Amino acid sequence: MKKFLLFLAGLVAFMVLLANIGPMVFFALGIWLLYVIFKQFMKTDSVAGKVGWVIVGLIVLSMTISNMFALIGVAAIAALYMVYKSWKKEDDDPVVHHIKEDDPFTNFEREWAELNK
């Protein structure tokens, strides 16, 4: 049942990721453009150039802010990662583990594995 719920959670996260892939691309592009505009703003010495870069920067900033909901896609990536880690984790039942510790053959195998390391 746990694996089925993890599968459903992964499926939902994947669908959310697919729905937000376009805004995520434009959000990343906007952040990169803002970085380039800032670098050009710092290089420019003229007042007219600085005003021009500020105007272009405000236009790109409005484009970037309009794609802010792309962070939902980033959360979906994080959810997919957590589902993947939970899927790979072995189930460790303490009751079964306690029963196995009393078995002399299991103890011998564990001791032998430690000696071979």
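Predicted model: local features only at pLDDT ≥ 70, side-chain atom pairs only at ≥ 80, totals over all residues.
Colleague: Which residues of α2 are buried?

Modeller: They are P23, M24, F27, G30 and I37.

Colleague: Take I37, which lies in helix α2. Why does I37 count as buried?

Modeller: I37 has 10% relative accessibility. Buried means under 20%, so I37 counts as buried.

Colleague: What does I37 touch, not counting residues up to four places away in sequence?

Modeller: I37 touches W53, V56, G57 and V60. For I37 and W53, which are 16 residues apart along the chain, the C-alpha atoms are separated by 6.4 Å.

Colleague: How do you know that the span of α2 is close to what is expected?

Modeller: Helix α2 covers residues 21-43, which is 23 residues. The expected span is 1.5 Å times one less than the number of residues. For α2 the expected value is 33 Å, and the helix reaches 33 Å from its first C-alpha to its last.

Colleague: N67 lies in a loop, between α3 and α4. Why is N67 called buried?

Modeller: The relative accessible area of N67 is 12%. That value is set against the limit of under 20%, and N67 is therefore buried. Neighbours within four places in sequence aside, N67 is in contact with P23, F26 and F27.

Colleague: What makes up the largest nonpolar core?

Modeller: The largest nonpolar core has five residues, namely L17, M24, F27, A70 and A76. A core is a set of buried nonpolar residues joined through side-chain atoms within 4.5 Å. A70 touches P23, M24 and F27, again not counting residues up to four places away in sequence.

Colleague: L8 lies in helix α1. Why does L8 count as partly exposed?

Modeller: L8 has 35% relative accessibility. Buried is under 20% and exposed is over 50%, with partly exposed in between. The value of 35% therefore makes L8 partly exposed.

Colleague: Which residues form the nonpolar patch on the surface?

Modeller: The patch is formed by M1, F4, L5, F7, L8, L11, M15 and W87, with about 870 Å² of accessible area together. A patch residue needs over 30% relative accessible area, and L8 has 35%. Helix α1 gives the most to the patch, with six residues.

Colleague: What does the secondary structure of the chain come to?

Modeller: It comes to six helices and zero strands. The order from the N terminus on is α-α-α-α-α-α.

Colleague: What share of the contacts with a separation of 6 or more comes from residues 24 or more positions apart?

Modeller: Residues 24 or more positions apart account for 74% of those contacts. Contact here means heavy atoms within 4.5 Å.

Technical notes. Residues numbered from 1 in each chain as written. Heavy atoms only, no water. Helix = DSSP H or I, 4+ residues; strand = E, 2+ residues; numbered from the N terminus. Buried < 20%, exposed > 50% of the residue type's maximum accessible area, 1.4 Å probe, protein only. Patch = residues over 30% accessible without salt bridge, like charges linked within 9 Å, V, L, I, M, F, W, Y side chains within 5 Å. Areas by Shrake-Rupley, 256 points an atom, 1.4 Å probe, with all protein chains shown as cover. Salt bridge = Lys/Arg side-chain N within 4 Å of Asp/Glu carboxyl O.
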